[in-house]
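Please look over the two chains shown here before reading the notes, which go from the chains as a whole to single residues.

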Amino acid sequence: MMKPILKFAEPVMGTVASVHVVADRVHSQVVTAVGRVFGELHRLEALFSTFIKTSEISRINSGELSLLDASPEVIEVMDACTWLEHVSDGAFVARRPNGGLDPAGFVKGWAGQRASKYLAEFGLDNWLINIGGDIQTAGLNADNQPWSVGISNPHNSDELRFSLDVIDQAVATSGTGARGLHLWDAKGRPVEALGSMTVVGPELRWADAFATVAYVKGLDGVAWVEQFPGYHALAITLSGDLIAPAWAVSSI
Amino acid sequence: MTRNKSADDQFPLVRRLAPAVLLASGGVVFLALVDGPENMIILNSSSTTGSVSSSSSSTSNPTGSTSTQELTCGAARSTGAQVEFKWGIVQVEALLDGEGELCEVEVLQFPDADRRSLAINNFALPILRDAVVVAKNANVQAVSGATLTSRAYMASLQFALDNS
């Protein structure tokens, strides 16, 4: 039986964040929780955006602020970015050629996951948050089924190329798509070897970052993602074919 | 959690290079998590028996044709064998349309009756559906793709989903 669902959308971080909550709680609680989620996203945008002159990242880049004096969130993000640069053999880039910081490739997914903790804190079990295409799900949808996430056709964003039914998982897709060329390889060349790369896995912060890396790596990226237990990549080629790995169980 | 950890600390030596599977446009393929990267369950649109096979092949090129006719999905159903993996049993049912083409796959049996406990153990079964099926059902709740600008959002499928 279909349960009631409450839907919210908020422009933030240059895109739109959507939250869908299966309303098995009092509505006012849901509204409060989602308000906290959006508030946290705005707070993190103000901290990290390179388009906002007063953000900590902008102040670090202008020399006004030392990274050593930055807030714990900035330290955490740059720490993760450094690890990603290492583990990706340089495919992940969070620094500009001039040495300035640009952790945008990590912040959106990380912020989405971090903000979604307010939904759990308010006792909400079944929800989905989508930050401009980077999705974290929890529990089941209004039909008591796994959340079904459609993946855009990179050649026509009005169409879906495939979908994934997931429970308690995140889905993130990297591609040039609507924002035009925005990814570069280690030599500073724009990347457009694949239509798009999608990563599914437990945590949005890693799914998003791994999708970015795997997209830069091209077809090798599908196997690269498999080294991370629980994370899997699916690529759409320029000709529209779908490339997927055999999804392995992490036997912990 | 990853602070100061190198890749080798977290993922010692095991670099699992899973075979890639090419799913040609128009094919319908079901992939399940299995107990080794070399194994998988494949149901593709060229299969008309609806049987489940555990395959170790690394490449599949479904060549089934895609009919543009409106056909009733589920006109015929075929239940696959119970396939046992070390973490449990998976059984799927194939739904065929009037022309005997595979149009939908339903999972009848998960390795555990409680799906949530599966997910908590990272044993969730993501189900991949190709666009043929997606288009027929179109019952997705969210869209993942290259990041939309807030202006592009207004014309996006996600906008429609948020306002339905």
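This is a predicted model: local features need pLDDT of at least 70, side-chain atom pairs count only at pLDDT 80 or more; totals for chains, interfaces and linings use all residues.

Residues are numbered from 1 along each chain as its sequence is written, chains are lettered from A and ligands numbered from 1 in the order in which they are written, and side-chain values use heavy atoms, with hydrogens and water left out.

**The two chains**

- Chain A has seven helices and 10 strands, where helices (H or I, at least four residues) and strands (E, at least two) are DSSP runs numbered from the N terminus.
- Of the 252 residues in chain A, 62% are buried; buried means under 20% relative accessible area, exposed means over 50%, and partly exposed lies in between, with a 1.4 Å probe and protein chains only.
- In chain A, 56% of the contacts between residues at least 6 apart in sequence join residues at least 24 apart, a contact meaning heavy atoms within 4.5 Å.
- Chain B has five helices and nine strands, and along its sequence these follow the pattern α-β-β-β-β-β-β-β-α-β-α-β-α-α.
- Buried residues account for 49% of the 164 residues in chain B, and 43% of its contacts between residues at least 6 apart in sequence join residues at least 24 apart.

- Four strands form an open sheet in the order E8(B)-E6(A)-E5(A)-E9(B), with mixed pairing; two strands pair if DSSP finds at least two bridges between them.
- The edge strands, each pairing on one side only, are E8 (127-130) and E9 (142-144) of chain B, and the twist from one strand to the next averages 35°, with axes being lines fitted to C-alpha atoms, for helices over the stretch in contact, and angles running from 0 to 180 degrees between N-to-C directions.
- Strand E6 (residues 156-166) of chain A runs antiparallel to E8(B) and is joined to it by four bridges, with Leu164(A) having Leu128(B) as its bridge partner in E8(B).
- E5(A) and E6(A) are paired in the antiparallel sense over seven bridges, and a hairpin joins E5(A) to E6(A) through two residues.
- On its other pairing, E5(A) runs parallel to E9(B), with three bridges between them.
- Val149(A) has Leu164(A) as its bridge partner in E6(A), and Val149(A) also stands opposite Ala142(B) in E9(B).
- Strand E5 (residues 147-153) of chain A is largely enclosed by the rest of the structure, because seven of its seven residues are buried.

**A helix pair in chain A**

- The axes of helix H1 (residues 27-48) and helix H3 (residues 72-87) of chain A come within 11 Å and cross at roughly 75°.
- The contact of H1(A) with H3(A) has five nonpolar, no polar and two charged residues; Ala, Val, Leu, Ile, Met, Phe, Trp, Tyr, Cys and Pro count as nonpolar, Asp, Glu, Lys and Arg as charged, and the others, Gly among them, as polar.
- In this contact, Arg43(A), Leu44(A), Leu47(A) and Phe48(A) of H1(A) meet Glu73(A), Val74(A) and Val77(A) of H3(A).

**Ser18(A), a residue that touches chain B**

- Ser18(A) is in strand E2 (residues 15-22) of chain A and counts as buried, at 0% relative accessibility.
- Leaving aside residues up to four places away in sequence, the residues that Ser18(A) touches include Leu128(A), Tyr153(B), Gln158(B) and Asp162(B).
- The side chains of Ser18(A) and Asp162(B) are joined by a polar contact of 2.5 Å; a polar contact is a pair of N or O atoms within 3.5 Å, and within protein one must be able to donate a hydrogen and the other to accept it, while residues adjacent in sequence count only if both atoms are side-chain atoms.

**Loop residues of chain A**

- Asn144(A), in the loop between strand E4 (134-138) and E5 of chain A, has a positive phi near 65° although it is a residue other than glycine, and Asn144(A) is partly exposed at 42% relative accessible area.
- Asp168(A), in the loop between E6 and strand E7 (170-175) of chain A, is not a glycine but has a positive phi of about 55°, and Asp168(A) counts as buried at 18% relative accessibility.
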